[in-house]
Amino acid sequence: MRLLPKDIYEKLEFDKVLELLEKECLGEQGREVVSQIRPYDDPDRINQLLKEVNEMKLSMEKNDFFPIKAYFSVTEELKMLEVEGYVLPEDGLKRINIVLLFIRAIFRYFNATRRETYPTLYKIIRKLSFDDSLIKSIEAVIDAEGNIKPDASPELMKIRRQIGSKQKELERQFRVIINNYRSKGWLSDNIESFRNGRRVLSVPSEHKRKIRGIIHDESTTGKTAFIEPESIIDINNDIFDLETEERREIYRILKELSALLRPYVPDMRVYQDILIRYDIIQAKARLGVQMEANIPTIKPEPHFGLVKGRHPLLFLKNKKLDKVTVPFDFQLFGSNRILVLSGPNAGGKSITLKSLGLMQLMLQSGFLIPVEPDSEMGVFTQLFADIGDQQSIEDDLSTYSSRLENMRNFLELASKRSLILIDEFGSGTDPKIGGAIAEAILQEFNKKGVFGIITTHYSNLKIFAYKTRGIVNASMNFDKENLSPTYELKIGRPGSSYAFEIAEKSGLSKRILNYAKHRTGKNEKAVDQLLVDLQQEKQDVEEQLKKMNDRQQQLDRLIKTYEQLHRELEYRRKKIKLESKEQALQQTARDNKEMERLIREIKEKQNLDKAKKLAIKVKEERKVLAEEVTDLREQIYYKPKNTSTAKLKQGEIEEGDFVKLKSGGATGVVESIDRNKAVVQMGDMRMTIKLRDLEHAKAPLNIQSSRSVQSDTISGAAAFQSKIDIRGMRYDEALRAVEEFVDEALIANAANLRIVHGKGNGVLRKAVKKKLREYNVGMDISHPAQELGGDGVTIVEIE
């Protein structure tokens, strides 16, 4: 992602977010990586980072904490361990062991359940393996404090046992000597000490010739000599020799252990990188919990759809002071791409602009942001910002010159995937000339198709935004009565600066204000008010147009519903008529049997002419009835249907198509076709049916067998069930089921719907609300009382 100017992090205060992230890291290497964080412009990479952080945040909210604590860098240890023959000291082995212990805990953390719950976090280590033998090898030599274990080898155990024995012997001998010389008054107050690694006696200088032994040292005053008694010299020599052997044995053990670990250095580097990566993820998750942040829906193209967004740093500050941070919604509809934001000073324009820029940087760097989960954010490849004083003594640029320099750079590099943030656009020079230049630059930005947020006080820019397609006015609401800002963003109308009102509140005399009003003239204020009124009227017209479009869509749906009901009613009428005719045909068959009986009787009585006439009459009646039945069957089952409202495949039936009998019944799939017949698999049954008796059908819902939708999907408004259960479904399945359910509800004119999704972690509940918002129909969405399901059930009342 290209960023301009160089200090954009400071301008948007992203550097302060990184400082907060550093404090949440558990290791020094994690803090070093934070300073290298840069925003991405690949939607897939951004989505992956956000899912990792969101899953870590979910584990924290569930108190299912990830097994990672403070750790040390082992980069130097691994670098030295690669050198053939190098012996790693105990402290280095301890550090490596800590990293290995954390990695083992992470591998053990992802049991079958957690792999399903946190799939993106598990994906980081999914292709890796871990061998416990490395930890076992280190822990066989090093204890938890990083010291060599006494039983690291049989030889070391033997040496240390001998050292212990000699030290006990030395202690006994030393006690005897001390008691003897102290009784003679030959020792100083500090009876003993250590010199050159030897245990010695503290002897006053006047008595040093009385004690046989080796003088190792004297005090600085020369009044005390430190003497090793002759009787313990051999014991001390033995201890010295054993300690030398101990050091030699420890070196041998460490050398063998270092050689054992050396082939695994590449694996241990990977383990350290994984630990650092999880550290960054948990730090972002902790920060997300503090900010009450969420993951919005990511759009691959530039897009804004923020719901209840808040400036991350301002929210944290107000949270500590127990103050409320006013949220804002920011959505650009239609062809609008650039927002011209106006309003009084200290009304929140700059904070809103910085909020959008900072949240965009955070999002594309893999941070959760303080917005509602149903928010939508796009991905930009460039982010340019012109905020604050740009004066540069080094480059010999004034504030306005430096701002023009920024505009030139922005215009050269801008594209349709650029986001441009400009605060106080056009300021720093003569308002008339500065406003004209700003309008020309804004026109060029709009031609390039960039996205942007621009704050200004200039009326000509507000008028330009009103007249120009792609640019929309917005304002920060202002309480006219109390002359105080409300910090609420209102898109669709420009804002006034309220300069005179604020000046009057600040205490300036009326004489000064009257003079200023006289110099300003009535036109300036009239133009400002006229623009506000025009924008309001335009917004009212657009709202009325939207309402009319919604009503037209509702009317179209009602007409389609009426046509559907009419077709179904006509179908049922003909079907009832067919059934009555079929019954009549069956009755005729029964009458025919009776006729044959009569014929036999007549034959017996030799009345053949009467029998022939009667037989002809019956055959004609049956033929007429059979023709009526055939016509009705053709109309009901074989007449082409109007499928303008049904999204069914048209044309001839082919292998693999979903079909059903024209007379009704279950849906099946065509396995093979032989001339005019098809083999159809319907559930567990396989049937051979004539092609003319089949018609195309919708694919059945693919729903888990263990838990299924509890609503009958019988076609026809009369059979609609107003309850659906989507518990246990995957996200995509739930969205499809809810969509079909609501479509059928609209066709059936159902007013009250009940959607059971369960509580869980709230994913299905959010999915239901998201799908319901896609319908341009008045809906009242709520949850019942706790005893009736609470948050696990969504009640929908269609107006």
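## The largest cavity

In this predicted model, the helices α15 (399–413) and α16 (431–447) each supply at least two residues of the lining of the largest cavity. That lining is made up of 14 residues, and those that lie nearest the centre of the cavity are Tyr400, Arg403, Met407, Phe425 and Gly426. Sorted by class, the residues of the lining are eight nonpolar, three polar and three charged.

The space in this largest cavity comes to about 100 Å³. When the whole structure is searched for cavities of 30 Å³ or more, three are found.

## Two helices that cross

Two packed helices are described by the angle between their axes and the distance between the axes. For helix α13 (residues 312–320) and helix α14 (residues 349–364), the axes come within 8 Å and cross at roughly 110°. Because angles of 65 to 115 degrees count as roughly perpendicular, α13 is described as roughly perpendicular to α14.

On the side of α13, the residues that take part in the contact are Pro312, Leu313 and Leu314, and they meet Ile351, Leu358, Met359 and Met362 in α14. By class, the residues of this contact divide into seven nonpolar, no polar and no charged.

Strands of a sheet pair through backbone hydrogen bonds, either parallel or antiparallel.

Another open sheet is formed by four strands in the order β21-β22-β24-β23, and here the pairing is mixed. Its edge strands are β21 (723–725) and β23 (779–782), each of which pairs on one side only. The twist of this sheet averages 15° from one strand to the next.

Strand β22 (residues 752–756) pairs with strand β24 (residues 793–798) in the antiparallel sense, over five bridges, and Asn752 stands opposite Glu797 in β24. Helix α22 (residues 731–747) lies across β21, β22, β23 and β24, and runs at about 165° to β22. Helix α23 (residues 763–772) packs on the sheet as well, touching β22, β23 and β24, with a direction that makes about 15° with that of β24.

## Backbone details close to the start of the chain

Most residues other than glycine have a negative phi, and most peptide bonds are trans. Against that background, the peptide bond that joins Leu4 and Pro5 is cis, with an omega of about -5°, and Pro5 lies in the loop between β1 (2–4) and α1 (8–12). The next detail concerns Glu13, whose phi is near 65°, a positive value in a residue other than glycine. Glu13 has its place in the loop between α1 and α2 (14–24).

Note on methods: Residues numbered from 1 in each chain as written. Predicted model: local features only at pLDDT ≥ 70, side-chain atom pairs only at ≥ 80, totals over all residues. Heavy atoms only, no water. 1 Å grid on protein atoms, 1.4 Å probe; cavity = no way out; pocket = protein on both sides within 12 Å on 5 of 7 lines; lining within 4 Å. Points joined across faces, edges and corners; volume = space filled by probe spheres on them. Nonpolar A, V, L, I, M, F, W, Y, C, P; charged D, E, K, R; others polar. Pairing = 2+ DSSP bridges. Axes fitted to C-alpha atoms, helices over the stretch in contact; angles between N-to-C directions. Contact = heavy atoms within 4.5 Å. Parallel < 35°, antiparallel > 145°, perpendicular 65-115°, else oblique.
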